[in-house]
Amino acid sequence: MNITDIIATTDGRGALKTKVVIIGAGPAGLTLALMLQKQGIECVIIENRSREYVENRVRAGLLEQNTVEVFEELGVAERLHKEGLVHHGCYIAYNGVVQRIDFQKHTQREVTIYGQQEVVKDLIQACLDRKIEILFEADATQINDFMSNEPSVSFTHLGQNNILHCDFVAGTDGFHGLGRKMLPKESYNEFKIEYPFSWLGILAYSKPSYDELIYAFHNNGFALASMRSEKVCRLYLQVPNDEKIDNWSDAKIWSELENRLEIELDKGEIFEKSITPMRSFMIDNLQAGRLFLAGDAAHIVPPTGAKGLNLAIADVRNLAKAIVEYYKNGSEESLKNYSEKCVARVWRVQDFSNFMTYLCHKQAENGSFEQLLQKSKFDYLRISEAYQKTIAENYVGLPYEAF
Ligand code: RFL
Ligand code: PHB
């Protein structure tokens with residue numbers, strides 16, 4: 001009998017127990033579950049949305065080679081390799097003057113374009129095939145006794161209140177989740193920047209008229225040309241934070257994209273449109289007792305560096321390793337070092353994401369000191385292999401051994 005059946009038959013009062021309760025079925029929670037299951041460690045995922053909702057949430061698109069390798073090791077990369085687009089470089093443009101960053105030359109590594117919805121679909125299917133319990137539409141409401149060795153998670157599911165006991169709780173429940181709220185306030189410092197601009201993102205049935213991603217600074221604001229397949233484009237425009245999506249007709253979006261990217265686009269049907277604020281956020285401690293945070297629950301980076309999902313996977317790789325060591329040989333060493341190890345990489349990624357954001361977005365008046373410094377960075381980028389390499393090695397993802 002699985003947990004869902006037990007809950008249904010015990011009126012919510014049965015004593016439910018597993019080794020690890022994972023809150024949130026995003027990329028972080030699902031990947032952690034697969035890593036633990038591979039090592040024979042039982043876990044249950046509690047997700048407050050429906051399966052359909054999480055499988056269709058439009059977000060990231062770019063996977064580091066590190067992330068792809070993790071998915072390969074977990075045996076969930078088959079469709080990714082079939083449908084994902086491998087890129088060996090990207091373009092960075094300043095008012096139409098384009099510089100290619102050659103990942104192959106500078107790092108011998110590559111990135112893969114594959115939508116987060118597809119990643120989540122593959123991970124959920126693998127979890128279900130491997131008999132990992134995912135409770136959808138189950139809302140975690142409280143994390144109890146996590147400073148003891150017998151924590152538990154209270155949640156509501158199918159109108160019933162339940163408690164699931166465990167050895168460890170993973171808070172992989174995103175930026176608005178419960179995990180970070182439970183962490184004692186005095187256990188961490190919080191850092192954040194709220195940028196004075198947002199991204200208007202679209203998905204369109206269009207053939208990409210570019211072979212690699214284009215990050216474009218333009219006097220009207222930043223634009224990014226990405227893609228999902230040979231038939232679907234993903235494009236973004238910098239807009240003010242108070243911008244209303246209704247102010248942007250499809251025709252205006254296409255015209256502004258062509259203007260800022262300075263290329264001709266295949267202007268197909270736009271089937272998704274949304275505005276996302278840009279923020280950097282982190283806390284510098286991810287653990288209290290038996291509660292461990294990972295992914296967006298602990299940090300947000302502006303998407304200009306394409307790092308959020310990749311960082312979430314780096315976190316859970318550390319967490320899975322630490323939990324496995326605990327069960328295999330009783331060592332708590334990696335559990336103790338978990339937070340410090342993750343935070344070192346988070347700082348690196350925060351710096352790169354912040355750098356790319358300031359480099360590429362329009363922030364200052366033409367002719368101002370700030371704008372001329374910004375232009376100077378692009379002039380330098382065109383002549384400096386070292387500068388290109390710095391961007392390339394951060395963009396493709398620094399090795400896990402480094403951070
Ligand atoms: P998620 O994906 O937010 O998942 C958290 C899950 O927890 C659930 N939840 C709860 N469940 C039960 N009880 C509760 N009390 C709960 N509270 C929350 C939520 O329903 C959800 O299912 O976090 P996770 O797993 O840490 O994954 C992080 C990534 O989603 C995120 O970092 C990326 O999308 C960021 N990102 C990008 N990352 C990349 O690596 N490459 C990219 O190209 C990239 N592009 C992007 C992006 C994010 C964007 N937006 C929309 C913010 C582009 C954009 C526009
Ligand atoms: C995307 O394809 O959605 C994407 C790609 C690169 C970024 C951000 C988003 O930097």
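User: Where does Glu 137 lie?
Analyst: Glu 137 sits in the loop between strand S9 (133–135) and strand S10 (138–144); strands are DSSP E runs of at least two residues, numbered from the N terminus. This is a predicted model, where local features need pLDDT of at least 70, side-chain atom pairs count only at pLDDT 80 or more, and totals for chains, interfaces and linings use all residues. Residues are numbered from 1 along each chain as written, chains are lettered from A and ligands numbered from 1 in the order written, and side-chain values use heavy atoms, leaving out hydrogens and water.
User: What's phi of Glu 137?
Analyst: Near 55°, a positive value in a non-glycine residue. Most residues other than glycine have a negative phi.
User: Buried or exposed, Glu 137?
Analyst: Glu 137 counts as exposed because its relative accessibility is 53% (exposed is over 50%, buried under 20%, partly exposed in between, with a 1.4 Å probe and protein chains only).
User: OK, ligand 2. Which residues are closest?
Analyst: Tyr 215, Ser 226, Arg 228, Tyr 236 and Pro 303 are the closest of the 13 surrounding ligand 2, counting residues with a heavy atom within 4 Å.
User: And how far is the side chain of Tyr 236 from an oxygen atom of ligand 2?
Analyst: An N or O atom in that Tyr 236 side chain is 2.6 Å from a ligand 2 oxygen. For Arg 228, a polar side-chain atom lies 2.8 Å from an oxygen atom of ligand 2.
User: Why does ligand 2 lie between domain 1 and domain 2?
Analyst: Because domain 1 (3–61 + 116–191 + 280–355) and domain 2 (87–112 + 193–279 + 359–400) both give residues to its shell. The domain bounds come from an automatic or database assignment.

Terms used: Helices (H or I, at least four residues) and strands (E, at least two) are DSSP runs, numbered from the N terminus. A polar contact is a pair of N or O atoms within 3.5 Å; within protein, one must be able to donate a hydrogen and the other to accept it, and residues adjacent in sequence count only if both atoms are side-chain atoms.
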